Amino acid sequence: MSRPLDARTVLLVIAGGIAAYKSLEVIRRLRDKGARVRCILTRGGAEFVTPMSVAALSGEKVYQELFSLTDEGEMGHIRLARDCDAVVVAPATADLMARMASGQADDLATAVLLATDKPVLTAPAMNVQMWQHPATRRNVATLRGDGVQMIGPAAGDLACGEVGPGRMVEPDEIVAAVEALLSDAAHTLSGKTALVTSGPTREAIDPVRYLGNFSSGKQGHAIAAALARRGARVVLVTGPTAEAAPAGVEVRRVETGREMLDACRTALPADIAVFAAAVADWRPERPAAGKLKKSGQGAQGVSLALIQNPDILGTLAQAGPARPSLVVGFAAETESDAARLIERAAHKRASKNADWIVANDVSPGTGVLGGGRNTVHIVTAAGAESWPTLDKTQVADRLAERIATAIAEKDAARGAPAA
Ligand code: CTP
């Protein structure tokens with residue numbers, strides 16, 4: 001029976017953290033899935049697990065030194081970096097991530113990480129203060145921008161006795177992430193470009209106040225990440241959110257609806273466009289130049305004159321040479337009745353000229369706005385399909401999968417070569 005990682009080679013870098021003991025389990029499970037596992041043990045890593053255990057479990061020689069005559073003779077560090085399908089760093093310590101982020105190559109692990117042209121997945125593990133330190137935050141952002149994928153850390157009791165994020169995720173999660181990274185799906189959108197909008201917009205009332213909404217950007221960011229994982233070049237145009245930039249995605253940050261429209265126009269042409277942002281429908285007609293004062297407004301308060309913002313989806317989905325070949329919009333409704341929700345979404349699909357609309361009920365009781373889960377209905381020309389309640393990352397994955405299938409069908413219909 002074939003296994004998911006048959007004929008795949010994973011290069012596992014084990015750095016010096018207490019979580020290194022879990023890496024032994026990662027080796028075992030990767031091999032169970034059919035992978036060949038080669039390991040680099042850093043000097044720190046060897047303080048926690050022995051080369052003997054790593055060699056016994058991997059069934060391979062363990063690589064430890066950059067300047068080892070025998071190792072360089074048998075398998076130079078450049079070959080080590082290239083003769084694999086993915087590099088996994090588990091545990092990834094604060095120190096190793098700092099050295100990766102600054103492009104150092106002062107030991108075998110960092111030299112290989114700098115020399116590799118393969119996808120890199122890191123599983124950070126460290127004390128909570130170290131994880132939250134601005135220096136680590138900077139390094140994580142740099143690594144993400146370099147296309148390095150991160151998994152975890154998980155929150156919980158740490159070996160040092162403190163509680164919080166910092167614990168390495170469990171071996172089965174790391175193995176699942178490797179499978180996802182190496183699955184055939186990883187390339188279904190290579191050569192394609194995608195534009196994704198995400199998050200809220202802010203429309204100024206005066207220099208210190210704005211109109212906004214509760215959108216967190218979680219769903220849009222997850223969609224951008226899922227499309228990038230399938231090999232698409234993704235531009236994510238996002239309003240202000242606390243979400244981190246997804247791995248391998250070009251992020252353009254904007255504040256207002258009009259800035260979002262401009263950034264989207266600049267990002268075109270694209271094969272795929274997904275409009276997940278909660279764009280403010282109205283903006284104050286004349287934002288005050290100075291801070292509005294309470295005095296002089298009277299007890300009735302103040303009225304704001306609002307005018308409509310441009311409809312980004314409605315504008316960019318109109319027929320024309322720049323129209324992406326697949327345009328996906330969202331419909332955020334406060335409507336718990338699925339049939340009525342779908343009906344409204346179908347209306348939005350037609351009025352905005354979108355190909356698909358992802359409809360969701362965002363009423364406060366659903367916890368969708370700002371929460372981690374979503375219940376969606378996919379409305380297309382063929383009708384509606386209702387999905388179960390899923391994590392937003394799962395919704396994103398399913399949607400990206402469906403997008404990849406639709407794009408492949410369009411290519412096949414045009415007689416274009418598949419990605
Ligand atoms: N959208 C957009 N620009 C706007 C408003 C909405 O691009 N100015 C997009 C959203 O990103 C989403 C779709 O249009 O993909 C529908 O957004 P939604 O807020 O559900 O609908 P509206 O068009 O704003 O209509 P209404 O608020 O009346 O339901």
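These are my notebook entries on what I looked up in this structure.

**Entry 1: ground rules**

I am working with a predicted model, where local features need pLDDT of at least 70, side-chain atom pairs count only at pLDDT 80 or more, and totals for chains, interfaces and linings use all residues. Residues are numbered from 1 along each chain as its sequence is written, and side-chain values use heavy atoms, with hydrogens and water left out.

**Entry 2: around the ligand**

Which residues are closest to the ligand? I found Phe275, Ala277, Phe330, Lys348 and Lys352, out of 14 residues that surround it (near means that a heavy atom of the residue lies within 4 Å of the molecule). Sorted by class, this shell has nine nonpolar, one polar and four charged residues. For that sorting, Ala, Val, Leu, Ile, Met, Phe, Trp, Tyr, Cys and Pro count as nonpolar, Asp, Glu, Lys and Arg as charged, and the others, Gly among them, as polar.

At least two shell residues come from each of α13 (312–316), β17 (326–333) and α14 (338–352). These labels are DSSP runs numbered from the N terminus: helices are H or I with at least four residues, and strands are E with at least two.

Next I looked up polar contacts (pairs of N or O atoms within 3.5 Å; within protein, one must be able to donate a hydrogen and the other to accept it, and residues adjacent in sequence count only if both atoms are side-chain atoms). A backbone N or O atom of Ala277 is 2.7 Å from an oxygen atom of the ligand. A polar backbone atom of Pro310 lies 2.9 Å from a ligand nitrogen, and for Ile312 a backbone N or O atom is 3.0 Å from a nitrogen atom of the ligand. Taken alone, the ligand exposes 570 Å², and the protein buries 78% of that. Such areas come from the Shrake-Rupley method with a 1.4 Å probe; for residues, only the protein chains shown count as cover.

**Entry 3: Asp206**

Is Asp206 buried or exposed? Asp206 counts as buried because its relative accessibility is 2% (buried is under 20% relative accessible area, exposed over 50%, partly exposed in between, with a 1.4 Å probe and protein chains only). Asp206 sits in strand β10 (residues 203–206). A polar atom of its side chain lies 2.8 Å from the backbone nitrogen of Val208, and the Asp206 side chain also reaches the backbone nitrogen of Leu292 at 2.9 Å.

**Entry 4: salt bridges**

How many salt bridges does the structure hold? I read 31, where each is a side-chain nitrogen of Lys or Arg within 4 Å of a carboxyl oxygen of Asp or Glu.

- Asp85 and Arg8 pair up at 3.9 Å, N to O. This pair links distant parts of the chain, 77 residues apart: Asp85 is in the loop between α5 (77–82) and β4 (86–92), and Arg8 is in the segment before β1.
- Asp32 and Arg28 meet at 3.5 Å, N to O. They are separated by about one helical turn because they are four residues apart in helix α1. An α-helix has 3.6 residues a turn, so residues three or four places apart point the same way.
- Asp106 bridges to Arg99, with the closest N and O atoms 2.8 Å apart. Asp106 is partly exposed at 47%, whereas Arg99 is buried at 15%.
- Glu333, Glu335, Arg340, Arg344 and Lys348 are linked in a network of salt bridges.

**Entry 5: helix α6**

Arg99 turned up again here, among the buried residues of α6. Helix α6 (residues 94–101) is mostly covered, with six of its eight residues buried. Just after α6, Gly103 takes a positive phi of about 70°.

Most residues other than glycine have a negative phi, and most peptide bonds are trans. I therefore noted where this structure departs from that.

- A cis peptide bond joins Ala90 and Pro91, with omega about 0°; Pro91 lies in strand β4.
- The bond from Gly152 to Pro153 is also cis, with omega near 5°. Pro153 is in the loop between β6 (149–150) and β7 (154–157).
- Ala7 has a positive phi near 65° and counts as exposed at 78% relative accessibility.
- Asn353, not a glycine either, has a positive phi of about 65°. Asn353 is found in the loop between α14 and β18 (356–361).
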